[in-house]
Amino acid sequence: MVQRSIDYIEDQLKYDIQITDIVKVSFLSRATLYRLFNAFIGCSIKDYVRKRKISEICHSLKNTDQSIYQIAETYG
């Protein structure tokens, strides 16, 4: 179920990700998802989303001709 959450987050990185949507796709309660996600991944859901967005931003800066402004708009 945590993998479903990760898959959803990865698919939605360019959008505003809501915890309620992650909970729905995981088929777990919010508390259980928080606990399991932290146990398996080693960080909170919020931190994971932030780190993944930063990672994608860095990749875009290095490998595309997009401006910083365009990349910032893409990832929020």
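Trainee: Is valine 25 buried, partly exposed or exposed, and what is its relative accessible area?

Mentor: Valine 25 is partly exposed, at a relative accessible area of 26%. Buried means under 20% relative accessible area, exposed over 50%, and partly exposed in between, with a 1.4 Å probe and protein chains only. The model is predicted, so local features need pLDDT of at least 70 and side-chain atom pairs count only at pLDDT 80 or more, while totals for chains, interfaces and linings use all residues. Residues are numbered from 1 along each chain as its sequence is written, and side-chain values use heavy atoms, with hydrogens and water left out.

Valine 25 sits in helix 2. Helices (H or I, at least four residues) and strands (E, at least two) are DSSP runs, numbered from the N terminus. Apart from neighbours within four places in sequence, valine 25 is in contact with Arg4, Ser5 and Tyr8, where contact means heavy atoms within 4.5 Å. The C-alpha atoms of valine 25 and arginine 4 are 6.6 Å from each other, with the two residues 21 apart along the chain. Ser5 is also touched by leucine 33, whose other partners beyond four places in sequence are Ile22, Val23, Ser26, Leu28 and Ile45.

Phenylalanine 27 is in the loop between helix 2 and helix 3. Most residues other than glycine have a negative phi. Phenylalanine 27 is not a glycine, yet its phi is positive, at about 60°. Its relative accessibility of 58% is why phenylalanine 27 counts as exposed.

Now the wider setting. The protein chain has 5 helices and 0 strands, and its C-alpha trace spans about 40 × 20 × 15 Å along the principal axes. Of its 76 residues, 29% are buried. The largest nonpolar core has 17 residues, and Leu33 is among those with the most contacts inside it, together with Ile9, Ile22, Phe37, Ile45 and Tyr48. At least two residues of this core come from each of helix 1 (2-11), helix 2 (19-26), helix 3 (30-41), helix 4 (45-63) and helix 5 (68-75). A nonpolar core is a set of buried Ala, Val, Leu, Ile, Met, Phe, Trp, Tyr and Cys residues joined through side-chain atoms within 4.5 Å.

The count of aromatic pairs is 1. Phenylalanine 37 and tyrosine 48 form it edge-to-face, at 5.5 Å centre to centre and 75° between the planes. Rings of Phe, Tyr and Trp (its six-membered ring) pair if their centres lie within 6.5 Å; planes under 30 degrees apart count as stacked, over 60 as edge-to-face and the rest as tilted. Because phenylalanine 37 lies in helix 3 and tyrosine 48 in helix 4, the pair ties together parts that are 11 residues apart in sequence. Both residues are buried.

There are 0 disulfides, a disulfide being a pair of cysteine sulfur atoms within 2.5 Å. The closest cysteine sulfur to that of cysteine 43 is in cysteine 58, 16 Å away, which is too far for a bond. Cysteine 43 is buried, with a relative accessible area of 10%, whereas cysteine 58 is partly exposed, at 45%.
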